[in-house]
Amino acid sequence: MGAAALVLAFLAFALFYPLGRVLVLGVGEGFGRALANPYYWERYLFSLEYGLGSALLTLALALPLAFLFRWRFPGRAGFLALSTLPFVLPTPVVALGFLALVGPRGLLGLDLYGTRAVLYWAALFYNLGLALRILLPVALALERPLEAARVLGASPFRAFLRVGLPLLLPALASAGLLVFLYAFSAFGVPLLLGGPRYATLEVEIYTLLAYRLAFPEASALMLLQVATLAGVALLYLRLQGAALPPPVPPRPLPRGRGWALALGMGVFFLGVYAPLLALALRLEPLALASAWASEDFTPLPLALANTLRFSLGALGLALLLGVAYALAARGRLWVDLLGLLPLMVSPVAVGLGYLVAYPGLRGSLLLLLAAYALLAYPLLARALLPALRGLPPSLLQAARVLGASPFRAFLRVELPLLLPALSSGTALALAALLGEFGASLVLWRPEWTTLALAIYERLGRPGEGPFREAVALALVLALLSAGLFYLLDRGRGRFG
Amino acid sequence: MRKVLAALAFLTLGLAQELVVLTHSSFSLDKALIARFQEETGIRLRFLKGGDAGETLNKAILSKGAPIADVLYGFDNTFLSRALEADILLPYVSPEIRNLRSELLLDPSFRAIPVDYGFVSLNYDRAYFRGKALPQRPEDLARPEYARLLVVENPATSSPGLAFLMATVARFGEDGYLDFWARLRDGGVRVAKGWSEAYYTHFTLHGGDRPLVVSYTTSPAAEVYYSEGKYKEPPSGNLFPELAFFQVEFVGILKGTKNLEAARRFVDWLLSRPVQENIPTEMWVYPARRDARLPEVFRFTPPPAGAVRLDPARMAANRERWIEEWTRVVLQGQDPEAVRAGRR
């Protein structure tokens, strides 16, 4: 019970109260004004379109890919690992990769800044790996049922339609909903790549706040967003995966065809992930030096120190909360649902809520750390919960019967068994913290500038020099995120 | 122990002597002048650039109570009311105020102290228009052959953009300005996020494809000054003095500062003659001091006659609505008639 109380107390401070204040403000003054304006509806519609379009595009490409990955071919594991890499890359890094490739100063000489095309490409870049991870196990599990249908005389097409598709649908829906959730509330990518025409609701909330200081309208839009996200998240939670036969291991292809598949896959992946390559190609060592000693912008050492300081500090808090939450949610569904709430509130909204609710704490790091921890602990807990639920209860009972206190039993019996899941969850949370952008931007103070914000700061200025420095910083941040992630996760690659 | 205490005292003393000045991104002063101020006063200056003038002001407002700086420089008359209403500034009657041009003293409470003024104005690229007809009247800009040559700044994110929008309101009236902008939009006007993007990315003079840009009356002189002898005459010129917008930039001491004395000395210094005479060639605006001499290069930029001077009260009352209506018409493509119908 103590664990649940801890999580509740934190949520009351870091989520419910600020959100409540925003609710009052938004409903009281902003709602009528915002809803009467067709412009905001168009922002909302565009967010919906972007969410839906991204989900469909990602599924359309991930589904055939998942079936191709049923085969064993050269480089298969490498491609899979590559597809999960964007998941731990902060949005300013990814956005900068796109600018380096197809921005006004891009390598390709083709300027896609401020177009739908670049936003959808970025959505695919981010979510392809996620969809693949959900669909691939199902595709592998379908092998036997499909074979059975074929043996019974169905054509391949008919077998897929009548047997494969119904079994695939729950996985397709859950992958689609997740991609929708991410794209609908996307911030960094549309802010940096979309221009004024393709702003999502989240970008509009930030713009209203940063440029016009319009708290009521921003609050009203935030409510619209939270309501939509909550609806979709509930839908996601209600999805029940069909009981599937055990997956079969990938089967080998004949040599020639294996290489052909690897080649095709290579070209496709090169296309999707080219922005990462462009980022690396645009690095100039001199820019790294000038970013290090910059006088016009936050210098690299300060930004790096802040990033590490805040991420690690918040990680401690998130670990405590994540473990407490997972323990409390193990048996109680309502706690489980409650702890998911932070996933439905966007980082920008959290920052906005804190500015409204705690004006007296504006200079205090407490707010920033609370925001960081709030956004990170659900990720940690999501990874921990399945492992916790999978522990045989008899183990704990045995320890208790043998005289161990509950705490001691947890420490000595359960914790060692949970360590792999815990370190995976920690890796995921840390990757999210290192690149945190939205909440940091809203709560910005000069002495709090992190790497992600230092990149943004430089992008706001024209000219080749600041852009080069931004590229250098983005690479530092990318290496930091990916490096720490793989160090903690040690390539296990367990996501959510 | 005593050594530690002494070190601590020295450290806090050192910290107390640092004055943080929050400015917009275009802030610039001669490094030697700054160094001399630091030497003479023992106050170390740290300049913090907060983005566009409006954005910078908002950052000061959002950190009210726990200010991120001691002094705020660069908010202008279009945003004056927001700064005053947010109640983030302390009044300070500097002894230098009597040396300033009286028409710049727009805040009778002396919380916002004028430092400089200038004129936002349309610029054109002379080389591009050689042998081609320039637009004759402001109305001509809305014709497609000119609209597609023009780049403006988004008034929601840029202070020259906002100033130009206000100039069009003054010129075409509350009803007419939206029609003017709707025609610009249909003609293909480009909207940049801020001044530097418009001027250094889209303006033909700097490699872009738009020979008409919203900038300042002093920009042509700045081109000569920075060209290191390449230009004897300005490569660009001003258009339509009746669309130029009178802009005053202010400095103010932020409430909650722990360095009040140092902040006052900084304000006095900013208004002193050497700094005021340095301002024109650093920030390309006119000094607020009556007795400050202008640099030679400013002969290329006489202040425009008949520039738009809006009443601060009118700007305060309508600013947000103008920005919103502009956004609806230009960025969102709504019909001006429908937008006007939405007013009450």
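**Two chains and the contact between them**

The model is a predicted one, in which local features need pLDDT of at least 70 and side-chain atom pairs count only at pLDDT 80 or more, while totals for chains, interfaces and linings use all residues. As for bookkeeping, residues are numbered from 1 along each chain as its sequence is written, chains are lettered from A and ligands numbered from 1 in the order in which they are written, and side-chain values use heavy atoms, with hydrogens and water left out.

Chain B carries 13 helices and 11 strands (DSSP runs numbered from the N terminus, H or I of at least four residues for helices and E of at least two for strands). Its C-alpha trace spans about 75 × 55 × 35 Å along the principal axes. Some 60% of the 344 residues count as buried, meaning under 20% relative accessible area with a 1.4 Å probe, protein chains only. Taking contact as heavy atoms within 4.5 Å, residues 24 or more positions apart make up 75% of the chain B contacts with a separation of 6 or more. On charge, chain B has 44 positive and 42 negative side chains, with the centres of the two sets 3 Å apart; Lys and Arg count as positive and Asp and Glu as negative, leaving out His and the chain ends, and each charge is placed at NZ of Lys, CZ of Arg, CG of Asp or CD of Glu.

For 496 residues the compact-globule figure is near 23 Å, and chain A agrees at 23 Å. The C-alpha trace spans about 65 × 65 × 50 Å along its principal axes, and 55% of the residues of chain A count as buried. Side chains here split into 36 positive and 20 negative, and the two centres lie 14 Å apart.

The two chains meet through 24 residues from chain A and 27 residues from chain B. Together they bury about 2500 Å², 56% of it from carbon and sulfur atoms; this is the accessible area (1.4 Å probe) that the two parts lose on being put together, summed over both. Tyr211(A), Arg212(A) and Leu213(A) supply 28% of what chain A buries against chain B, more than any other three residues.

Technical notes
Rg over C-alpha atoms; globule rule 2.2 N^0.38 Å. Buried < 20%, exposed > 50% of the residue type's maximum accessible area, 1.4 Å probe, protein only.
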